[in-house]
Amino acid sequence: MKWIKRKTIVMLVVILVPLALLAACSGSADGEDSGENVLEIVYRTPDEQATNWLESVKKEFEKKHKDVSVKLSTITGSEGNYPSKKVLMMKSEETAPDIIQEDSYQVKADAEAGYLQPISDRVNKWNDWNKFYDSVKSGVTGSDGKIYGVPFSTDVRGLWYNKKVFEKVGIPTPWKPESWEDVINAAKKLKGEVEVPFWLNSGKAMGEATTMQSFLMLLTGTGSKLYHEDSGKWVIESDGFVDSLQFFDTIYEEDLGPSLSWGITGQAGTKIAQQLMPKGEVGIALDGNWMSGNWVEDGAVPWPEWSETYGFTAMPTQNGQEPGKTTVSGGWTLAIPAKADKKDLAWKFIKLATSKENLRYGTQLTPRKDIAKLDEYLKITYQDKMTDLLEYTHFRPSYSTYPTISTNIQAAVEAVTTDSMTPEEAMERFAKDVKRDAGSENVTKE
């Protein structure tokens, strides 16, 4: 009997500890923890802007729905570990919140896994849905064609360029390169004038930034694809793939990039944005619209005069072919977990939070066309240029296999960057790795 009692206790501990861990992931900002009319929203912190926004909407929502208490819960973590903690909560009816903050990058995979509730029937009856950019809507569309979230922010990537150094070497500004050749030729002219003529994420340590902000920014400008939606197959060999790797090869062969001693480390991006760019030591940087967030008054390195030094322009397609420019977008959304208790209330909160009156943006880009026309929004430096790029944007093929494919891309890029492989050899290794990881029946060539 004593053995049975001990076993029972052990089993109870095994069952209760994971639930306790789930509860520990989440910290209530306000609201009661129990009761039928508690609407729970889970989002990632630290994010002061999101907290202020949701707190404001919470007050308005509770005023309109006096029998409802909105509970704001947080998961503290990076973009890397937030997804696993979030999924752990959504798996159980006991812990699933009513609304979850979803990275658009994970919408397809989470929808395929059954964690998210489709909301196509709701958005199609919502007049405001027509006010969202169609390109951004594609980022919340599952592989089944259904909508699984409402975007509350988005982003783009492009070329930041040093206007002062451009003027010094005789490159006219505002700069509007029409091809990769124009970009590389400009970087060559900057050599010797700045520490880093051309910056782009190029290492495995940078993770998804190397894939999204560098490789895909190149590949989408070639006409080649990484994934074929019609056949559901990953492209393991294409002219565009090898040409994109060749771009990296040229940058480093011509000594236009950063020193490899630090340029492919996980801290390289921070060094570029917070040290070298404020010193004017970067000629051109292929990076995101959020870079200026480092330099605003409450940023990491306040720099009021930053716009006097750096301009922003679109990344051109490889040879200037239509549509002439390209970008890649991500962004955050509000979604309803499939196991949420209060789906109707959740939808009402999402509509209120993402309305024209309530949706905030800071240095992020808005997914709403009507907000993008506001004078207040357009006053933000380069915000109009960046928002206009949404017309040309692409989203990652974020299926469940994508994270592994992305890791393989990062390995190929680093191999070329460090000159351990030619672009052709790196693509060949990529092809073998993807066949292994995705299955030979799920790959194709262009």
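This note goes through a predicted model point by point.

1. **The sheet.** Start with the strands. Four of them, in the order S7-S10-S6-S11, form an open sheet. The pairing in this sheet is mixed. Strand S7 (196-199) and strand S11 (310-313) stand at the edges. Each edge strand has a single partner, so one side of each is left without a neighbour in the sheet. From one strand to the next, the twist averages 20 degrees.

2. **One pair in detail.** As a reminder, strands of a sheet pair through backbone hydrogen bonds, in either a parallel or an antiparallel way. Strand S6 covers residues 157-162. S6 and S11 pair in the antiparallel sense, over 4 bridges. To find this pair in the model, look for Asn162, which stands opposite Tyr310 in S11.

3. **A helix across the sheet.** Helix H8 is made of residues 180-190. H8 lies across S6, S7 and strand S10 (282-288). Its direction is at about 140 degrees to S10.

4. **Ala96.** Ala96 sits in the loop between helix H3 (82-90) and strand S4 (99-103). Is Ala96 buried or exposed? Ala96 has a relative accessible area of 10%, and buried means under 20%, so Ala96 is buried. Which residues does Ala96 touch, leaving aside those up to four places away in sequence? They are Met89, Met90, Pro337, Lys339 and Ala340. Ala111 is 15 residues from Ala96 in sequence, and their C-alpha atoms are 15 Å apart in space.

5. **Cavities.** Rolling a probe the size of a water molecule over the atoms shows where empty space is left. How many cavities of 30 Å³ or more does a search of the whole structure find? The search finds 2.

6. **The largest cavity.** The largest cavity has a volume of about 60 Å³. Its lining is formed by Ser104, Tyr105, Lys108, Ser138, Gly139, Ser329, Phe395, Arg396 and Ser398. By class, that lining has 2 nonpolar, 5 polar and 2 charged residues.

7. **The second largest cavity.** The volume here is about 40 Å³. Asn289, Ser292, Thr363, Ile380, Thr381, Gln383 and Met386 form the lining of this second largest cavity. The lining divides into 2 nonpolar and 5 polar residues, with no charged ones.

8. **Cis peptide bonds.** Most peptide bonds are trans. Check two places here. Thr173 and Pro174 are joined by a cis peptide bond, with omega about 0 degrees. Pro174 belongs to the loop between helix H7 (163-169) and H8. The bond from Glu322 to Pro323 is also cis, with omega near 5 degrees. Pro323 is placed in the loop between strand S12 (315-316) and strand S13 (325-328).

9. **Positive phi.** Most residues other than glycine have a negative phi. Tyr382 is not a glycine, yet its phi is positive, at about 65 degrees. Tyr382 lies in the loop between helix H15 (375-378) and helix H16 (383-388). Is Tyr382 buried or exposed? With a relative accessible area of 14%, Tyr382 is buried. Asp419 is not a glycine either, and has a positive phi of about 65 degrees. Asp419 is found in the loop between helix H17 (402-417) and helix H18 (423-438).

How values were computed. Residues are numbered from 1 along each chain as its sequence is written. This is a predicted model: local features need pLDDT of at least 70, side-chain atom pairs count only at pLDDT 80 or more; totals for chains, interfaces and linings use all residues. Side-chain values use heavy atoms; hydrogens and water are left out. Two strands pair if DSSP finds at least two bridges between them. Helices (H or I, at least four residues) and strands (E, at least two) are DSSP runs, numbered from the N terminus. Axes are lines fitted to C-alpha atoms, for helices over the stretch in contact, and angles run from 0 to 180 degrees between N-to-C directions. Contact means heavy atoms within 4.5 Å. Buried means under 20% relative accessible area, exposed over 50%, partly exposed in between (1.4 Å probe, protein chains only). On a 1 Å grid over the protein atoms alone, a cavity is a set of points where a 1.4 Å probe fits but cannot get out, and a pocket is an open set with protein on both sides within 12 Å along at least five of seven lines; lining residues have an atom within 4 Å of a point. Grid points are joined across faces, edges and corners, and a volume is the space filled by probe spheres set on the points. Ala, Val, Leu, Ile, Met, Phe, Trp, Tyr, Cys and Pro count as nonpolar, Asp, Glu, Lys and Arg as charged, and the others, Gly among them, as polar.
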